[in-house]
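Please consult the sequence and structure shown below.

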Amino acid sequence: EISHITMCESDESSRPSRVDVDQSDDEVVETSNNQLFSSIRLNREHATGVLAMVLHFSPWKQFTVGFGVGWISGYLFRKVSRTAAIVIGGTFVAVQGAVAFGLIEVNWGSLKRAARQKMKHVENKVSQIVSTQDQPITDFVVHLCTQHVYLTSGFGSGVFSGFIGFPL
């Protein structure tokens, strides 16, 4: 008989946590979310350390690093957004076709209520995450853009060129 399940985290310094089988699904999800958010904070600290290292480079190197990271971000955003648009558009056309042929009937009022309820839930979760951070992300971005012009201008131009498909 299994009395617990061991979940391993990616951080080698911490011990695996135990999840009781008797726990409800919500408790297991909450435990997993807390572990996920702690690893995100760890990764944010690591990223801040890498950023601090890059900021000591010469302006030309800062622009080059910013452009490279920006180009990769823009390229990936273009690919992901194109795929998402095709999937969402195809699903919408398929549902509308099924409604037109009488294969399904959609209760739009119920769908709106369910969507609003889910959006409120997501909004509450995001506000909880944002309120627990030490420094708001917007303050960090504004400071980065105003104090480190070479890095941010390289990133901005890299995102633009990666999104429009400029080859490297």
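Axes are lines fitted to C-alpha atoms, for helices over the stretch in contact, with angles running from 0 to 180 degrees between N-to-C directions. Helices (H or I, at least four residues) are DSSP runs numbered from the N terminus. The model is predicted: local features need pLDDT of at least 70, side-chain atom pairs count only at pLDDT 80 or more, and totals for chains, interfaces and linings use all residues. Residues are numbered from 1 along each chain as its sequence is written, and side-chain values use heavy atoms, with hydrogens and water left out.

**Packing of H2 and H5**
- Helix H2 (residues 59-100) and helix H5 (residues 149-164) have axes that come within 6 Å and cross at roughly 30°.
- H2 is therefore roughly parallel to H5 (angles under 35 degrees).
- The crossing of H2 and H5 is right-handed, the near helix being turned clockwise from the far one by less than a right angle.

**Helix H5**
- The 16 residues of H5 should span 22 Å at 1.5 Å a residue, and the end C-alpha atoms of H5 are 22 Å apart, which agrees; the expected span is 1.5 Å times one less than the number of residues.
- Buried residues of H5 are Leu151, Thr152, Gly154, Gly158, Ser161 and Gly162 (under 20% relative accessible area, 1.4 Å probe, protein chains only).

- Histidine 148 lies in the loop between helix H4 (137-147) and H5.
- Histidine 148 counts as buried because its relative accessibility is 19%.
- Leaving aside residues up to four places away in sequence, histidine 148 touches Leu55 and His143 (heavy atoms within 4.5 Å).
- Glycine 165 follows H5 and has a positive phi, near 95°.

How values were computed. Helix = DSSP H or I, 4+ residues; strand = E, 2+ residues; numbered from the N terminus. Parallel < 35°, antiparallel > 145°, perpendicular 65-115°, else oblique. Buried < 20%, exposed > 50% of the residue type's maximum accessible area, 1.4 Å probe, protein only.
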